[in-house]
Structure formats: structure tokens, C-alpha cells
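Keep the viewer open as you read.

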Amino acid sequence: MSAHTTRFELRRGAATRAAFGDALLELGKRDPRIVVCDADLSKSTMTHKFAQAFPERFFSCGIAEANMVGIGAGLASSGKIAFVSSFSCFVINKGFEQLRVAVAYPQVKSFKVVGTHAGISIGEDGPSQMAIEDIALMCALPGFVVLNPADEVAMKALVPVAAYHDGPVYIRAGRPPAPVVYTPGQEFHIGGSVELIPGSDVTIIATGLLVAEAIRAAEELESEGISARVIDMYSIKPLDREAVRRAAAETGAIVVAEEHLIDSGLGVRVAQTVAELHPTVMEFVGIRETYAESGPPAALMEKYGLVARNIVEAVRRALARKR
Amino acid sequence: MPEIRTLEELQLICRRVRRHIIEMTGAAGSGHPGGSLSAVEILVTLFFSVMRHDPRNPRWEDRDRFILSKGHGCPALYAVLAEAGYTPVDQLKTLRKLGSIYQGHPDRRFIPALEASTGSLGQGLSIGLGMALAARLDGKSYRTYVVLGDGESQEGQIWEAAMFAAFHKVDNLVAIVDYNKAQLDGFIKDVMELEPFAAKWQGFGWHVIELDGHDIPSLQRAFTEAETIKSRPTVVIAHTVKGKGVSFMENVPKWHGIAPTPEEVELALKELA
């Protein structure tokens, strides 16, 4: 079984934030209801492309995220599909109370928030700019969908999916170039997942940049004769519970890998599902009870345990417990 | 369009609304009578003589928008909505009870005529801004009115919104501050002074109108004036009396957040006969 090793020549792709900017521009051309708010980071979140094309539908909110979320809620309540964007750590953390009371609780359905620069892979800017709690926060809000595209293909497909979903959505985006996992045409939907590599000994459930690391880990494990299934869990909420159940039932061991605090992200959501549907051995790869620091993205991912090697080690621990 | 009502008719509605507020909070055994009573003339003037709206068609696209950002004043809003024909008058006394449409703070899920769910202070002006921007984008003439509390104006988000509204020249938005000078912990001046309040709004680029918030003709003139002001938003600073209309509640901060006892309800209703 080596089909996938030729299938995955992970080439360097665009950052998911760049794909977001392109997708938003395309969406804006097709649908005049699309409006965009940004908080003085449009050149980084890439909403500036939309702003240049449709200045009348772009609202510069200044560095005032709480107000921006409220404005987005008002626009979305008045016939618009509102995309509200900033760095994830700012729009989610500073806007959280507004996301809760002005969007989630009154069920403002055409409100979409896109947080870029999520995770520690932003690098040199350091912990104040690194969203590592955003999945926990946004999964806590009833009715919100939480999406985490792994690459440019997934992001371009999921932006329109989010826009036309009948409910509020959070999309997580990253700063650095993301390895390309998919070929164009791949289908994505809310509550879905993609099995990228079939496997029978263990399942690696990954999200975001960790999907590429999971593929590398599976390839390394294969050379040792271990058959690892790899699932891209791009829809963190709602979760593809059936894919999780099958992974537990068919492989008997699950490793979850994410660029988020380990105690409150995708891992605990998968673990809850596993506990409910098919209890099995689990291991987790994520950020452990700490804030990171400045440094080159790759070096940070290495130092904080978010690379293929960490996934391989977690798989070995899981398999040892499985026996 | 609202039918033309005389000053006497509007004052009569105000009196009925005040009686509802007392009866509702009395029946609920909790709630916020003080800041509801102070806002009565503001709300009645808007709903019965200024705003274009249709109680038979609450989601009419061209309706003027109203947001009670100081959501705890909802007994006044519920009484006004009921008197206007949006919701049942005979259920007003179910305020705060399980299953009631008259929730403890305004909840859009229960009353579709509400434009926003409020209660977490500081948010209504931003939401109203979004609605005003949408009107401008769509070339629609509807206007957006947001009632703020004075204590609420201590929230930073209010001033984020104030900055935005002036910078983006949002002239189809009117903020009204129910300036009753008291908040839960005491008088504004002792908790967190707002003065010079009008100067703050002016400094943020707003057209400011100060008036007696219980004087209906002044309120009517102010809303007419606001329609003529172009390229900047208008704020109406309405000087009001907390607990207005009930002698033992007037200017007593404790009536911010406690309900009258049955005896107090009786006393108050006598005064409002």
C-alpha cells in the first residue's frame, strides 16, 4: 500500500489567509449582498483585495473589534452577508462578548467571522498575536459553525460554503504558506471531514497545518509497517461524528493533532464523541498549557511539539496502550 | 406612518405605559422600574409620533429601526410594543416568567419585532450602525434609533461606535441617551462621572441636542431636526428623572433594579391614576 506516497507530494501553497482574500473577492463579484468589515489589518487578513474592488461594501472599523462585531451583526440583520475579519486573537477574544450576545444568542445567521494568523505559526510577532484559544471560545457558542481549512483549496471551497450556510460561522486561517493537500474540485461541507489516507492500525485526526504533518507522519509510520488512517477534520463544529466512530471502531486507536491548546480544542471534542460512541485509546498532539514565544514559524512548531515526529511518537504511545 | 396624535393622547399613552411598568415589575417581583419610567416619553414619542413602522408587518423592509441598547429598561419597551399592537397587552404581567415572550431582557427569539437582543450593555449602538449602513448601501430611507443608558455610556464600545459613526458620516442614525443620572450602585457622579457629557459627543463629531426627556414636543422637534442634519450622526441627550411619575421612586437610585411590593404597586398606581 504505497499509493498515497506518490499522491502526496506536499508542495508549498498559499497561506490560507491569502486564499481567503481571493475567495472573498470572487464571492463579492458574484453576490452584491457580501459586505466586509476589518479592523486595520486588511493588508494582513487579505480583505484589502475586496476593499479595493468594492470600496462601498468595505467598512474600515479602525482598531475597535467589539464595535466591528456589532456592526457586522447589524449589517447581517439587514439583508447583508457580513464577513468580519481581523487577526483571530483580536476579533475572537476582544469581540467574544459581542459574538455571544449580538450574534450567537439572537441567531444572526448571515454573520461570518474570519480570524487569520491563528496558532503559533505566525512566528516572530509572539504570543500576544497568537490565537491558541479560539477553537475553545468559538465552539462554546451555541449555533456557531467552526471551520479550519488545511490549505488554499479547502479555504477557497469553504468561504462560499460559509457564506451561504444558514447560521453564523467562524473560519480559522493561518499566516504562513500552507502545504497543498487537496486538488481543486474536492468537496467540502459543514459537518464533513476527508479521509486523506486509508489505514487500519490507528487514525490520525488532524486540522489546519497539522494535516500536512499528519500525512508526513503516516508516511513515516508506513515505512515501519504501521497503517495509519489520516482524516482532515476541517469542520471542527459540527464534528463528523460518524467518521470518528468509524475510526474508533475500525482502527482502535486515535491521535488528534492541532495547533491549539491541547485541553480545549479539537482533541477534547473528538474525545467526547469517542466516549459517547465507541470508547477507545486516544493520544493528543497540541500546545500544552503554555504560551509560545517569538521565532521562525518552523522552529516554533518544532519546539512546541507540533510536527510529524510528535505525531509519530503519539501514535507509538497509542499503539503501546492498544495492545 | 404613525397616525397623528395630539399631545394629550401621547401623554395618556405615557400614563398607561407607566402603569404597565409598575404592574409588570410588581408581578414579576424583580426588574428595573427606575430606568423604565425615565424612558417612557422617549419611547412613546418615537413609536407613536416619529417612527415609520407597522405593527401588522413587523419585518416590513422599510420600517425605521429601534434598538433599546439599555436592555434592562425593557418593561417600558414591552408596554410600548403592546400598546402599539405588536404584542398582547394582557400578557404583560407574565414579565420574567418561564415561557413568557416578555423575557428579563429583550430577546429577539421571543418577539420578532425586536431588532436586537440586548442586555449586555454597550452593544446596541454598534448594531444600529450596521443597520444604518445597510440602509445607506441599499438606498433606503429608513432611520435607526438607539436608546442608550447614561451608565451604559461608561462602556468603551459606545465610544468606538461614536467614533465610527462620525468618521463614516452615518447621518441616518440617532442615539438617544436616557440621562437619568443614576445607575445601580448610585448616582452617576459618584460611580463614574460622564460630564462634560455633551462636550464628549461633540468632540466625537456628533450633532448634539440637549433637552428635557419628559417633554414630548421637545423630543418631536429634536427628531425632526435630526432628519435635517447631514453628514454626521445626531445624539439626543435627554435629561430625565429616574423613576419619573412615581413620587417615592423619583431620583432614588435603589429603584434601578428592585421591584415594588404589592403595597408600593398600589401606591404608585394611585399616583398614576
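Strand 10 (residues 202-206) and strand 11 (residues 228-232) of chain A pair in the parallel sense over five bridges; strands here are DSSP runs of E of at least two residues, helices are runs of H or I of at least four, and both are numbered from the N terminus. Two strands count as paired if DSSP finds at least two bridges between them. Within this pair, Thr203(A) stands opposite Arg229(A) of strand 11.

Before going on, note that this is a predicted model, in which local features need pLDDT of at least 70 and side-chain atom pairs count only at pLDDT 80 or more, while totals for chains, interfaces and linings use all residues. Residues are numbered from 1 along each chain as its sequence is written, chains are lettered from A and ligands numbered from 1 in the order in which they are written, and side-chain values use heavy atoms, leaving out hydrogens and water.

Now zoom out to the sheet around that pair. In chain A, five strands in the order 9-11-10-13-14 make an open sheet with mixed pairing. Strand 9 (194-197) and strand 14 (281-287) of chain A are its edges, each pairing on one side only. On average, neighbouring strands of this sheet are turned by 25 degrees against each other, direction ignored. Helix 10 (residues 210-223) of chain A packs on the sheet, touching strands 9, 10, 11 and 13, and its direction makes about 160 degrees with that of strand 10. Such angles run from 0 to 180 degrees between N-to-C directions, with axes fitted to C-alpha atoms, for helices over the stretch in contact.

Chain A has another sheet to find: an open one of seven strands, ordered 3-2-4-5-7-6-12, again with mixed pairing. Here the edge strands are strand 3 (58-60) and strand 12 (235-237). Inside it, strand 6 (residues 145-147) and strand 7 (residues 169-172) of chain A pair in the parallel sense over three bridges, with Leu147(A) opposite Ile171(A).

Finally, turn to the partner chain. Contact (heavy atoms within 4.5 Å) links 23 residues of chain B with 25 residues of chain A. The rule finds one salt bridge across this interface, defined as a side-chain nitrogen of Lys or Arg within 4 Å of a carboxyl oxygen of Asp or Glu. Lys80(A) forms a salt bridge with Asp138(B), their closest N and O atoms being 2.4 Å apart. On the side of chain B that touches chain A, helix 5 of chain B gives the largest share, eight residues.
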